[in-house]
Amino acid sequence: VERAQSLPLPAYRFDARKTHTPSVSQRSLLCVEGAYYSVPCEWAGLDVTAHVGADDVEIVGRNGTARHPRKRFGERSVDYRHYLPELARKPQAVRQVAAELVRDLGPVFANAWRSLVDAHGPKQAARIFAKVLGHIETRGIDAVAVTLQAALKDSEPLLLALALPSVSAPEVAQDALPQCLRGIEVVAASAADYDKLLTGAGT
């Protein structure tokens with residue numbers, strides 16, 4: 001009887017979070033209630049919306065969201081996946097934050113980093129790993145992780161495994177060519193041909 005006399009439920013579920021509209025610094029950090037959170041580096045300088053819940057913080061930007069566990073005043077939560085475009089261009093920075101970076105990227109990337117350090121040392125490993133990060137930007141983290149896992153299993157160089165296969169030129173049917181080009185055949189060159197030029201043979 002009481003339910004029939006009550007107001008109808010609202011169309012949307014009540015959101016028990018406090019909302020803020022902070023600005024993102026040039027270092028891709030924002031301050032909410034005294035704590036600092038990272039966001040994707042392309043959001044630097046923009047205004048965002050931050051929903052602060054009891055346990056987490058959801059930050060809504062122009063092209064997606066970022067989530068962090070809620071921190072106390074003065075604490076920081078930094079997800080280094082937000083900085084991949086910058087880190088791909090700065091190997092020295094990769095070396096400085098490697099432990100936190102591979103923690104955020106996942107176990108496959110942690111194994112890849114250790115493998116590179118063991119083989120090349122930290123400095124050269126950072127240069128190679130920065131190029132791996134560049135592949136994440138273009139191909140996605142899941143696809144790169146699968147490739148790295150296979151490369152580590154087969155002891156294949158990581159950058160060689162990530163190199164995209166060359167795309168062969170499409171063949172054109174003879175009847176699609178102009179009449180004057182149909183009888184022409186182009187023979188592919190070989191390395192031996194250039195060796196003859198260096199020795200003066202065939203001139």
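Visitor: Which residues in α5 meet which residues in α7?
Guide: In this predicted model, Val-108, Phe-109, Asn-111, Ala-112 and Ser-115 of α5 meet Ile-141, Val-144, Ala-145, Leu-148, Gln-149 and Leu-152 of α7, where contact means heavy atoms within 4.5 Å. Helices here are DSSP runs of H or I with at least four residues, and strands are runs of E with at least two, both numbered from the N terminus.

Visitor: And how do the axes of α5 and α7 cross?
Guide: They come within 9 Å and cross at roughly 50°, the axes being lines fitted to C-alpha atoms, for helices over the stretch in contact, with angles from 0 to 180 degrees between N-to-C directions. That makes α5 oblique to α7, since angles under 35 degrees count as roughly parallel, over 145 as roughly antiparallel, 65 to 115 as roughly perpendicular and the rest as oblique.

Visitor: What are the conventions behind all this?
Guide: Residues are numbered from 1 along each chain as its sequence is written, and side-chain values use heavy atoms, with hydrogens and water left out. Because the model is predicted, local features need pLDDT of at least 70 and side-chain atom pairs count only at pLDDT 80 or more, while totals for chains, interfaces and linings use all residues.

Visitor: Back to α7: which of its residues are buried?
Guide: Val-144, Ala-145, Thr-147, Leu-148 and Ala-151 are buried, meaning under 20% relative accessible area, with exposed over 50% and partly exposed in between (1.4 Å probe, protein chains only). They cover an arc of only 165° around the axis, which puts them on the same side of α7; the arc is that of the directions from the helix axis to the C-beta atoms.

Visitor: What do those buried residues pack against, and what does the face turned away carry?
Guide: The buried residues of α7 pack against α5 (107-120), α6 (122-139) and α8 (158-162), whereas the face turned away from the buried side carries the exposed residues Asp-142, Val-146 and Lys-153.

Visitor: Switching to α6, is Ala-126 buried or exposed?
Guide: Ala-126, which lies in helix α6, counts as buried because its relative accessibility is 1%. Leaving aside residues up to four places away in sequence, Ala-126 touches Pro-91, Val-94, Arg-95 and Trp-113.

Visitor: How many helices and strands are in the protein chain, and what share of residues counts as buried?
Guide: The protein chain has nine helices and seven strands, and 32% of its 203 residues count as buried.
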